[in-house]
Amino acid sequence: MQIRKISAAEVETFRRVNNYAFGRWTDDDLPAVAFLGVEPNASLAVFVDEQIVSVLRNIPFEQSVRGVLKEMGGVASVSSYPEARRKGYVHQLMLAALGDMQAKGQVVSSLYPFRDTFYERYGYVTANSSLKVTLPMDSLNHYVKLDAPTGSWTIERLPATAVVEQELHLLFDFWREVTVPAYSGYALRHEDDPAAWQEWFKNQHLVFIRHAGQIQAAARYQLDDFAENGKLVVHEMAWRNLTARDYLLSFLAAHGEQAYEISLHLPQDSCFQRWISQPKTAIGIQIDRVPLMVRVVDVVGALTGVPVGVGSVNTAVDTLLIAVTDEHCPWNNGQFRLTAVDGRLQVEPAVGQNPVDAQMDIRAVSALAFGARSASEAAHLGWLTAVSPDTLALLETWFPELTLFNPNPF
């Protein structure tokens, strides 16, 4: 058995394993689109007798950790042929992937699991799913009557594939401004493969509502089919104030003649009923079956610069000394000094400076970094130990629990 990154000539064989595992097998030649995003430098495979039997992709992203973009490794396409299962191959692939992330400076990682308990053993923490709400378009009828934006208010609509990296960063920056802190978990794909970007965001549009040139509301959406089969799918949206919200929803409502219903992809804690009028038919509400799972790959890189104590006016310097254990990323094992200066963390290794203020396994670090669990719950689960009530209270202040949201599943 050998694990290595694939060559360009092995991309199709890699994809064949994916297709078998995810029920998309075909005897036909694979179209060129099937190979988009399968970058050899980000694709690991297990070879037995020089044949690929198990595969995994480590997709490069930038991901929000409490509003700060960090280099991320997205684990995807994990699959094996049936004769290669239960032999530890995927276990070895996961270890190789974590090492690959560390070598590339990817300080955090995320994935969407086939089974959460499988990935928990590798230090990943389950966060939360997203909300999908399906409404008839007539639930937005009251916005149709609004006057069109005039004066210093403008609407800008453009294809999502037009200067896609610049525009999507602009959209994320807007999210970061209007949500304090910005939702952890938001992932932006690197433009290392422009063709993959174009494929991922094709058929989608961006709309920006501006006032005096400044973005006040924004959405990313696409249109599927027409009339009674038509659906307006909104992947993400946000607004800075209620006037901007109304203009944005008025823009979406203007699609009423071509779409029967609208689907909204929202953070799980969204109170969407405040924006709509009572529809004539039932509202469809679905919580995604597969939640986002998150992990810190490098303690120093992941925590440095992260905002702490959000909402506090206290700018005093606070310090904690923690000891971290990480079974699968040995470079994280040891002591670290966390110092909060003006609401941002500074992190540095602290060799042999016992006693520590808290013992954390990597699940506690990951949960607190992203906001996937409170410090109290991490302690309850046994991930955070040897912690005094005062230290626990400080961790609660530093790392408030958050709803994670990623509108770009992979």
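Lys 104 and Asp 100 pair up through their side chains in a salt bridge, with an N to O distance of 3.0 Å. This is a predicted model, so read that distance as a computed one. Both residues belong to helix H2 (residues 89-104), and because they sit four residues apart there, about one helical turn separates them.

Across the whole structure, a search turns up 15 salt bridges. As a general point, side chains of opposite charge can pair when their charged atoms come close.

| Salt bridge | N to O distance |
|---|---|
| Lys 104 and Asp 100 | 3.0 Å |
| Glu 156 and Arg 210 | 2.9 Å |
| Lys 231 and Glu 261 | 3.4 Å |

Take the bridge between Glu 156 and Arg 210, at 2.9 Å. It links distant parts of the chain: Glu 156 is in strand S8 (residues 153-159) and Arg 210 in strand S10 (residues 204-211), 54 residues apart. Glu 156 is partly exposed, with a relative accessible area of 30%. Arg 210 has 19%, and residues under 20% count as buried, so Arg 210 goes into the buried class.

Then there's the bridge between Lys 231 and Glu 261, at 3.4 Å. Lys 231 comes from strand S12 (residues 227-239) and Glu 261 from strand S13 (residues 259-266), so this pair ties together parts that are 30 residues apart in sequence. Here both partners are partly exposed: Lys 231 has a relative accessible area of 25%, and Glu 261 has 23%.

Arg 85, Arg 86, Arg 115 and Arg 121 form a positive surface patch. Of these, Arg 115 is found in the loop between strand S5 (108-111) and helix H3 (116-120), and it is partly exposed, at 42% relative accessible area.

Finally, a look at Trp 200, which is part of helix H6 (residues 194-200). Trp 200 is partly exposed, at 22% relative accessibility. Setting aside neighbours within four places in sequence, its contacts are Phe 61, Arg 189, Asn 408, Pro 409 and Phe 410. Thr 161 is 39 residues away from Trp 200 along the chain, and 8.7 Å separates their C-alpha atoms.

Note on methods:
Residues numbered from 1 in each chain as written. Predicted model: local features only at pLDDT ≥ 70, side-chain atom pairs only at ≥ 80, totals over all residues. Heavy atoms only, no water. Patch = residues over 30% accessible without salt bridge, like charges linked within 9 Å, V, L, I, M, F, W, Y side chains within 5 Å. Areas by Shrake-Rupley, 256 points an atom, 1.4 Å probe, with all protein chains shown as cover. Salt bridge = Lys/Arg side-chain N within 4 Å of Asp/Glu carboxyl O. Lys, Arg positive; Asp, Glu negative; His and termini not counted. Charge placed at Lys NZ, Arg CZ, Asp CG, Glu CD. Helix = DSSP H or I, 4+ residues; strand = E, 2+ residues; numbered from the N terminus. Buried < 20%, exposed > 50% of the residue type's maximum accessible area, 1.4 Å probe, protein only. Contact = heavy atoms within 4.5 Å.
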